[in-house]
Amino acid sequence: MRFSKMFIPTLREDPSDAEAVSHRLMVRAGYVRQLAAGLYIFLPLGWRVLNRINAILREEMDAIGAQEVSMPALHPAEVWQQTGRWYEIKEEMFRLKDRGGRDMCLGMTHEEIMTWLASREIRSYRELPQIWYQIQTKLRDEARPKSGILRTREFLMKDSYSFDTDEKGLEKSYNLHEEAYHRIFQRCGLKYYQVESDPGMMGGATAHEFMAPAAAGEDEIALCDSCGYAANVELAQSVPPPVQFEDWNLEDVHTPEKRTVEEVSEFLNVSPQYFIKSLLLIASDKPVLALVRGDQELHEKKMERIIGSFRPALKEEVKDILGVEAGFIGPMNQKVRIIADSSIKEGVYISGANKQDYHTKGIRPGVHFNADWHDIHVAKAGDGCPKCSAPLRIERCIEIGNIFKLGTKYSEPLKAFYLDANGHEKPIVMGSYGIGPARIAAAAIEQNNDKDGIIWPKAIAPFDVELIPLNMKDGRTVEVAEDIYKRLNESGIDVLMDDRDERAGVKFKDADLIGIPKQVVIGERNLKEGMVEIRDRRTKEAIKVKPEEVVNRLKS
RNA sequence: CGGGGCGUAGCGCAGCCCGGUUAGCGCACCUGCCUUGGGAGCAGGGGGUCGGAGGUUCAAAUCCUCUCGCCCCGACCA
């Protein structure tokens, strides 16, 4: 491809509204343009990258026996009503009516439609297993689109769905995907982790996410370097650092105007881990008192799994229900239900005295109060690994893929049943597996860039090599460039030749910005000795070779 | 949906507080000369509903009200 014939609108300056590195560079290097919040146009370079990623996805999906299909983006409401998601999902779903007044929606995912298809077509265990996939646009009315193409309202997604006769079959399909995903992300040149994830509203029991570490990511994962434990912070467990307790006697201490753990801790000169933080929550109109250690935070998602949805109590509610101001509540002599973090089961603590301006010192859990014990704290860096106790690390990541065991959550309501060998009707056991190609691209940039621009991993770069004839007015330069261009094309190497009549500096800057991993520089200086230069975008190292050797050197 | 910020030429910005020539700068763009190994130089030129609507005023990019859009933080994220 010739640069002069390709639409590559590079920008000299950073776009003002781009924060994330990948966003900034994709706009600046001419890969994407923004149409509106969360809506992006992929320009020729960007589209090439996506297609390269998609080609890898197809190869690896096909390799595990998955079959590509094409699904409508517009869905009738009925299917979504049957699984109940029409009602569960709120503003996130784009809804509309057709001319006949029928309720429709834009597909945010395709469990319903895939299962609908299976329910109509799959009759017998002989037809199973099946894996169907699509690489198509999904639409979600995101509450907050952000970080360029990382979180958009319309996005490409590789979704696959497995259909099996039983759990064992599902296990197999799940493992096939797991392995395929490893191959995919490795081929894409990403650094990533596989972590345990929250199955959430997708239902089902087991789920994993594939996470690419990057500052622009929205997720945090807990990692143990010693045993390999890896989990999304949304569900990660941890053992807070142990505490050497004092043998305090039970007594009330005067703590005037000291309400937060920090304030009381400072006032009494006792570290926060000797405190019990008491938080009053309102769950479906019933108050619940949540207790975590003073140096820990309440994990709302974990709590929600125990008591259902809740909200923090208002100041007045605290007074009404507990009879004391929020800053002085504690676990003793409570009538409300208490859920306490397991990490405070042992020890001697300070907490609110349930009377104004007083805290109680010497509280022994199990002796002075009772509670339901659960893991309700947020795992943080330095906490002990739940498996091996080594200290955990927290890393910020971009979720690039996920795999879920759905079970029969969708097959039952949509009546996707098959007949087993004994003639019994059974629900198909399903799994669903997603990968976001644009997120792979963004993660690759986040992980591979320098002050000059993008440094693409080989497999997903828009081109394999950029040819840079420095002076298009020099006959010899053009002649040699054209010759190398022809040879590269003939040998199946994707090449972009910067044939613009621009100064050398412009071409170098653009080449570095665009980030094609190899550059071949043809300049008069080296041409005098009959040589051209092959440069590595990442290391900036250059080697001189004869023009006719370029193809072979690039192939090796 | 809560909090914050920003809308002035294609891009990046100044001007706005404290109203008053013809709305300015850099880059990009067009023409010519010149130049060709890291975003050159000189000369000339084109390009603006100052996000939109209403109001205050003799006079509004500037003050007031409303509204739309975008970004960031949080909530949310099937």
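## Basis

The model is predicted, so local features need pLDDT of at least 70 and side-chain atom pairs count only at pLDDT 80 or more, while totals for chains, interfaces and linings use all residues. Residues are numbered from 1 along each chain as its sequence is written, chains are lettered from A and ligands numbered from 1 in the order in which they are written, and side-chain values use heavy atoms, with hydrogens and water left out.

## Domains

Chain A is assigned domain 1 (3-236 + 394-445), domain 2 (251-374) and domain 3 (463-555); the bounds come from an automatic or database domain assignment. Between the C-alpha centres of domain 2 and domain 3 the distance is 67 Å.

## Nonpolar cores

A nonpolar core is a set of buried Ala, Val, Leu, Ile, Met, Phe, Trp, Tyr and Cys residues joined through side-chain atoms within 4.5 Å. Buried means under 20% relative accessible area, exposed over 50%, and partly exposed in between (1.4 Å probe, protein chains only). The largest core has 61 residues, and Y31, Y181, F185, I400, I440 and W456 touch the most other members. Domain 1 (3-236 + 394-445) and domain 3 (463-555) each supply at least three residues to this core. A second, separate core has 26 residues, including M71, F163, A416 and Y418.

Contact means heavy atoms within 4.5 Å. Leaving out residues up to four places away in sequence, Y181 touches M61, K158, S160, F210, G401, N402, I403, Y433, G434 and I435.

## Cysteines

There are zero disulfides in the structure, a disulfide being a pair of cysteine sulfur atoms within 2.5 Å. For C224 the closest cysteine sulfur is that of C388, 3.5 Å away, which is too far for a bond. C224 is buried at 4% relative accessibility, and C105 is also buried, with a relative accessible area of 0%.

## Cavity and pocket

Both are found on a 1 Å grid over the protein atoms alone: a cavity is a set of points where a 1.4 Å probe fits but cannot get out, and a pocket is an open set with protein on both sides within 12 Å along at least five of seven lines; lining residues have an atom within 4 Å of a point. Grid points are joined across faces, edges and corners, and a volume is the space filled by probe spheres set on the points. One cavity of 30 Å³ or more is counted, and the largest cavity holds about 40 Å³. Its lining consists of L150, A216, G217, E218, D219, C397, I398, E399 and R439. Strand β21 (residues 392-407) gives the largest share of that lining, three residues; helices (H or I, at least four residues) and strands (E, at least two) are DSSP runs, numbered from the N terminus.

The second largest pocket has a volume of about 480 Å³. It is lined by 23 residues, of which K458, D464, P517, K518 and L554 are the closest to its centre. Elements giving two or more residues to this lining are β30 (532-536) and α14 (550-555), and β30 gives the most, with three residues.

I282, in strand β14 (residues 276-283), is buried with a relative accessible area of 8%. Not counting residues up to four places away in sequence, I282 touches P287, S309, F310, R311, A313, E317 and I321.

E220, in strand β11 (residues 219-224), is partly exposed at a relative accessible area of 34%. With residues up to four places away in sequence again not counted, E220 touches N232, V233, I394, E395 and R396.
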